[in-house]
Amino acid sequence: MAHEATPMGSAWDIDEEYHIDENVGFALQNPLTARMAHEVTPMGSAWDIDEEYHIDENVGFALQNPLEELPHPYDVWISIVKELPLLIEMDELRAEAEKLPLLSIDDLQGHKMQRLAHLVLGYITMAYVWNQGDDACKVLPSNIAIPYCKLSEKLGLPPILVYADCVLANWKKKDPNGPMTYENMDILFSFPGADCSKGFFLISLLVEIEAAAAIQKIPTIFNAIQHMDKETLQNALDFVTSCLDRALKVFQQIRDHVDPHLFFNVLRIYLSGWKGNPKLPEGLLYEGVWDTPKMFAGGSAAQSSTFQCFDVLLGIQHSAGEAHAADFLQEMRTYMPPAHQKFLHSLESAPSVREFVLSQKDDNLWETYKKCVNAMVSLRSYHLQIVTIYIVIPARQQTKNTQPSEEPPEEENKGTGGTDVMKFLKTVRGTTEKALMM
């Protein structure tokens with residue numbers, strides 16, 4: 001950012017850590033409002049978000065061009081993950097994982113290499129804990145636990161497979177020069193369940209990518225507020241709405257690529273965490289790291305920085321709903337890369353788009369803002385439909401098949417994050433709808 005030229009041709013140089021501003025010296029400025037004060041961003045120009053936030057102009061919060069291989073000796077981790085579905089099917093996964101050498105993470109250099117290693121160790125961990133789904137293991141061996149926890153600490157992520165791993169850093173293009181489309185993309189690693197992993201992770205990624213362009217309009221939005229430029233703000237909000245509408249269309253393709261039976265009965269097992277999970281009521285013991293078991297939530301769409309980003313931008317207050325939903329969303333931020341958490345915090349300190357729109361008492365501007373919020377409502381309504389198809393209905397079918405003498409499964413309405421997913425999503429949609437009211 002310190003070396004980029006703005007669309008107007010001037011350079012904006014600022015201390016990397018925002019300790020010194022070129023105009024206000026040592027006075028504190030919010031990073032986003034600091035940029036807004038120094039540049040006029042015309043509509044249509046690109047904004048390269050500071051590398052500090054790890055946000056790419058093309059893929060948003062996703063990791064740009066993830067690495068696919070780890071150097072020796074870490075390639076032994078990769079070799080297991082590449083064969084993971086077969087090893088689980090043959091009931092050999094745990095034995096092979098236990099043979100792995102205890103490796104230092106010191107030679108894992110660079111953010112992309114560390115993210116790949118975190119993804120790989122996350123896959124091994126989920127496979128080791130859940131195996132074939134009917135015999136959860138309460139202890140993660142030290143040869144996996146120690147490097148995984150040390151690497152997690154370095155990255156600022158928990159030692160469990162998170163959304164930032166399996167969605168944001170788990171992809172490649174088949175043709176490097178081709179488009180970012182489902183047909184030209186694949187995931188790096190799969191769980192059992194045939195192409196279920198590919199469909200679920202890639203559609204989630206493509207939704208993120210559709211929203212990426214909207215993230216680039218955030219400085220334009222704040223700049224318009226700073227200069228009381230309602231026309232530019234209206235155009236920028238229209239653009240955000242169009243990106244969210246496209247994201248919904250991509251989301252709707254999930255039914256073409258993910259089988260509900262395979263998702264519920266196979267893939268979902270390996271995405272489940274050990275917080276709020278009756279199969280591991282005390283959590284998981286990370287051998288050689290902690291003396292007591294630890295609880296971590298499984299991967300969840302609530303860990304997507306993208307939708308929390310637009311909530312903050314549009315002034316959607318989830319604290320106005322049930323406390324549990326707001327608390328869960330805040331907790332899920334701790335499962336995001338620290339740079340993305342920092343970006344969300346910076347957004348929260350920026351001017352309120354909603355308050356500005358309300359203050360203008362402009363019907364056209366208000367209608368434009370409402371369309372943007374409605375796009376978020378539509379995404380959340382469709383998410384509820386998907387959860388019904390992929391979790392609620394299969395869980396009820398499983399309950400019908402349960403013998404009268406058996407306890408009904410506790411999985412009904414449980415998301416991989418360990419919460420009552422239907423209740424959570426209805427609350428979040430409700431608080432999103434409240435933003436439509438003056």
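This is a predicted model: local features need pLDDT of at least 70, side-chain atom pairs count only at pLDDT 80 or more; totals for chains, interfaces and linings use all residues.
What I like here is how the two ends sit. Glutamate 348 is partly exposed, at 41% relative accessible area. Arginine 333, on the other hand, comes out at 9%, and the cut-off for buried is under 20%, so arginine 333 counts as buried.

How many salt bridges turn up in the whole structure? The search finds 10. Side chains of opposite charge can pair when their charged atoms come close. Let me show you two others.

Lysine 275 bridges to glutamate 331, and the closest N and O atoms are 2.7 Å apart. Glutamate 331 is in helix 14, residues 323-333, while lysine 275 sits in the loop between helix 12 (260-271) and strand 4 (285-286), so to speak 56 residues away. Both ends are partly exposed: 33% relative accessibility for lysine 275, and 24% for glutamate 331.

Then there's glutamate 69 with lysine 82, closest N and O atoms again 2.7 Å apart. Glutamate 69 is in the loop between helix 1 and helix 2, lysine 82 is in helix 2, and they're 13 residues apart. Glutamate 69 has 45% relative accessibility and counts as partly exposed; lysine 82 is partly exposed too, at 45%.

Now, that loop between helix 1 (31-38) and helix 2 (75-82) also holds proline 73. What kind of peptide bond joins histidine 72 and proline 73? A cis one, with omega about 5°.

Aspartate 91 has a positive phi, near 60°, and it isn't a glycine. You'll find aspartate 91 in the loop between helix 3 (84-89) and helix 4 (93-98), partly exposed at 48%. Alanine 194 has a positive phi as well, near 55°. Alanine 194 lies in the loop between strand 3 (185-186) and helix 8 (196-215), and at 61% relative accessibility it counts as exposed.

Last stop, histidine 383. UniProt, in an unreviewed entry, lists His383 under "binding site". Histidine 383 is in helix 17, residues 363-400. Is it buried or partly exposed? Partly exposed, at 22% relative accessibility. Leaving aside neighbours within four places in sequence, histidine 383 contacts Phe251, Ala301 and Leu425.

Methods:
Residues are numbered from 1 along each chain as its sequence is written. Side-chain values use heavy atoms; hydrogens and water are left out. UniProt positions are given in the numbering used here, feature names are shortened, and annotations may be inferred rather than shown by experiment. Helices (H or I, at least four residues) and strands (E, at least two) are DSSP runs, numbered from the N terminus. Buried means under 20% relative accessible area, exposed over 50%, partly exposed in between (1.4 Å probe, protein chains only). Contact means heavy atoms within 4.5 Å. A salt bridge is a side-chain nitrogen of Lys or Arg within 4 Å of a carboxyl oxygen of Asp or Glu.
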